[in-house]
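Hi everyone, thanks for coming. I'd like to walk you through a structure that may be new to you, so please have a look at it while I talk.

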Amino acid sequence: MIFLVFMFILFGKTGLTQNQKIDSLLQVLKTDISEENRAITNLSLAKLYERIDLSKGKQFALQALTFTKNDSLSAETNNQLGRFNFFGSKLDSASFHFKKAISILEILKDERRVAIINISLGAIQLRQGNYNATIKILTESASFFEKSKDSLNAAKCYSNIASAFAEQEIFPKSIEYSEKAIDIFRDLNQVQFELITLPNLAAQYYKSGDTLTAISYNEKAEKLALKLNNKRSLSIIYNNLGDIYLNKNLDKAKGYLEKTITLKNELNLQSGIEFTQSNLGYIELQNKNYKKAILYFTKASQKVQGKQLVSVYNNLKDSYTGIGNINKALVFSEKARILNDSILNTVNQKEFVEIQTKYETGKKEKEILSLQNVNLEMNIQRRQNRNLLIGTISLLCLTMIIGYLLLKNSKRKQTIAEQQQILEIQKADRLLKDQELIGLDAMLEGQEKERQRISEDLHDNLGSKLSTIKLYMDEVKANDSEILKKISILLDETYDEVRNIAHEKQSSTQIDKGLIPAVKLMANRINGSKKLDIKVVNIDFNYQISTSKELQLFRIIQELLSNTIKHAKAKQAIIQFSEDNNQLNFVYEDDGLGFDKNSKKEGIGLSNIERRIRKINGSLSIDSIPGNGTTVIVNVPI
């Protein structure tokens, strides 16, 4: 499958110069500099690592967000985080950070930077398949850049508009916009942007049927990518060349596709890798290397869908047949048949309706012709019986109309009854959920009261008694009895232990000092274990919210941290608080194992989080990809 580049990247210098910049900036971080300079340095490192290591680059961007207090710098940091999430296929998180940056820049009335970030939002719409929305937002940005004589950013818009037209198979338009963009990039000597557009143009020519031109443009793009050491572009170019040569030269195709897999794994880019794996499986199948083919097709089957999955199942059937495993071959043959029948069922139903309509139309035409012949032969008889025929037809029509109205009324009543039943079920579900939330709140309140009571009892009753005994013991220390010394030591230890228990029982009540101080206190305690580094960042949230909301949010954060510690094997987590449009936003992010949110069964912890969010009328968004960490975004009305 030919892939398109969806987003422009700002490059720095390559090779030794870039490594020297990184080393220099890392040395700066080791010195005593202000928080603002620390934020600027971390952001610079994030940009340099964007093409080298997405995971490291993202960590530097998060560090920058921790230290920045400047609105303009905060906007740029959110923009950079949006880019990292985009490249990691976390499109919801990318959109969140881009929109956050835009909201800051709109306050600063920086129209140019808003238009630039809109290019990125257009790329997200493109990736999500909203092609008309892509064309709309990028056309508006291109118009702004044209008016301001910014031909470079206008060309970036043209390139992504071309990709949107290509996805709709409007190739003349897509080629027109791509060539328009390339002309500008060449005039401005912007080699890095020419590199992004060349593979797109090659793909557009390939899809329009011009294979030779497609190969030529891909080879030009390869030379530029090697010159700039741009591995991400090389992975796309090699994949496209492998796809083109798949039915022309298997050895060439295999070489390009294996390079693609190596680069994608090196850069941790999982988007589209399943199609590369499927193509490699096809090559191994043609070369009768059945075991290798099975390995590639099995990996591809975990991600592909629709007709592509039917093809993978059929290829697995042929591969297992090749190694003599007939039972496995039959299993995949049956899977392919069932999935193919499911896909074709909708198409077949449509075709059946069309055939039936044509048949009924032809049948009626024949009946009309037959009636006309009969009428010609029996003209006299028809005149005599016309009144009777009209009366009969009228009565028949009336009967049909009455029957139709009765049937329609019956169906309407049935529909109303079904809707009422659905409403009753929904009402019951809401009642059950409300009961669960009430029970949860009651349990929390009871726990807090019990903790407070135990704390007071330990501190006021047992603690005071131990203090009194300790005073008595101090009075008799003069005797220097060994037994008295031991008793005194034991009493000191007991008093300290009771005091510690009392403070621990009171720790859950720290929320009365505010949500963010409570979260910071909890983070400091966990950081003391040296197993997980938690950073709590308050960007601009200074509002007072109700204690019940703060308690619910505190419990949500406790649950998220618990999941990270138990399951994620993360080294770092960041909790970021901010305010936007009278809403408290907090973003929780870890660098752990992540999970497949589309297939993973919902656990008790996640269910509790969702119930708490509903309780405070908030919204929840979870972005997680296996091997690429987890991001949770929560919005709550203030």
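Let's start with a pair of strands: S1 and strand S2, residues 572-579, run parallel to each other and are joined by six bridges. Before going on, please keep in mind that this is a predicted model. If you want one place to look within that pair, find Lys 535, which sits opposite Ile 574 of S2.

Two helices pack here. Helix H20, residues 515-527, lies on the sheet and touches S1, S2 and S3, with its direction at about 165 degrees to that of S1. Helix H21, residues 547-568, also packs on the sheet, where its contacts are S1, S2, S3 and strand S5 (630-637). The direction of H21 makes about 10 degrees with that of S3.

Now the sheet as a whole. In what order do the strands come? Reading across, the order is S1-S2-S3-S5-S4, so five strands make an open sheet, and their pairing is mixed. For anyone who wants a reminder, strands in a sheet pair through backbone hydrogen bonds, in either a parallel or an antiparallel way. At the edges are strand S1 (533-538) and strand S4 (619-624), each of which pairs on one side only. On average, neighbouring strands in this sheet are turned by 10 degrees against each other, ignoring direction.

Staying in this part of the chain, look for Asn 598. It is placed in the loop between strand S3 (583-590) and helix H22 (604-615). Is Asn 598 buried or exposed? It counts as exposed, because its relative accessibility is 73%. Asn 598 is 26 residues from Ser 624 in sequence, and their C-alpha atoms are 9.6 Å apart in space.

The secondary structure comes to 22 helices and five strands. Among contacts between residues at least 6 apart in sequence, 64% join residues at least 24 apart. The accessible surface is about 36100 Å², and carbon and sulfur atoms account for 53% of it.

How confident is the predictor? The pLDDT averages 81 over the chain, and 79% of the residues score at least 70. Over residues 5-16, though, the pLDDT is below 50, and in the model this stretch has 45 contacts beyond near neighbours in sequence. A word of care here: where pLDDT is low, the predicted coordinates should not be read in detail.

Next, a helix residue. Thr 134 belongs to helix H7, residues 131-147. Thr 134 counts as buried because its relative accessibility is 0%. A polar atom of the Thr 134 side chain lies 2.9 Å from the backbone oxygen of Asn 130. Beyond its neighbours within four places in sequence, Thr 134 is in contact with Gly 122, Gln 125, Leu 126, Asn 160 and Ala 164.

Most residues other than glycine have a negative phi. Lys 149, in the loop between H7 and helix H8 (151-167), has a positive phi near 60 degrees. At 74% relative accessibility, Lys 149 counts as exposed. Asn 189, in the loop between helix H9 (171-187) and helix H10 (191-207), has a positive phi near 55 degrees. Asn 189 counts as exposed, with a relative accessibility of 60%.

Terms used: Residues are numbered from 1 along each chain as its sequence is written. This is a predicted model: local features need pLDDT of at least 70, side-chain atom pairs count only at pLDDT 80 or more; totals for chains, interfaces and linings use all residues. Side-chain values use heavy atoms; hydrogens and water are left out. pLDDT is the predictor's confidence in each residue, from 0 to 100. Contact means heavy atoms within 4.5 Å. Helices (H or I, at least four residues) and strands (E, at least two) are DSSP runs, numbered from the N terminus. Buried means under 20% relative accessible area, exposed over 50%, partly exposed in between (1.4 Å probe, protein chains only). A polar contact is a pair of N or O atoms within 3.5 Å; within protein, one must be able to donate a hydrogen and the other to accept it, and residues adjacent in sequence count only if both atoms are side-chain atoms. Two strands pair if DSSP finds at least two bridges between them. Axes are lines fitted to C-alpha atoms, for helices over the stretch in contact, and angles run from 0 to 180 degrees between N-to-C directions. Accessible areas come from the Shrake-Rupley method with a 1.4 Å probe; for residues, only the protein chains shown count as cover.
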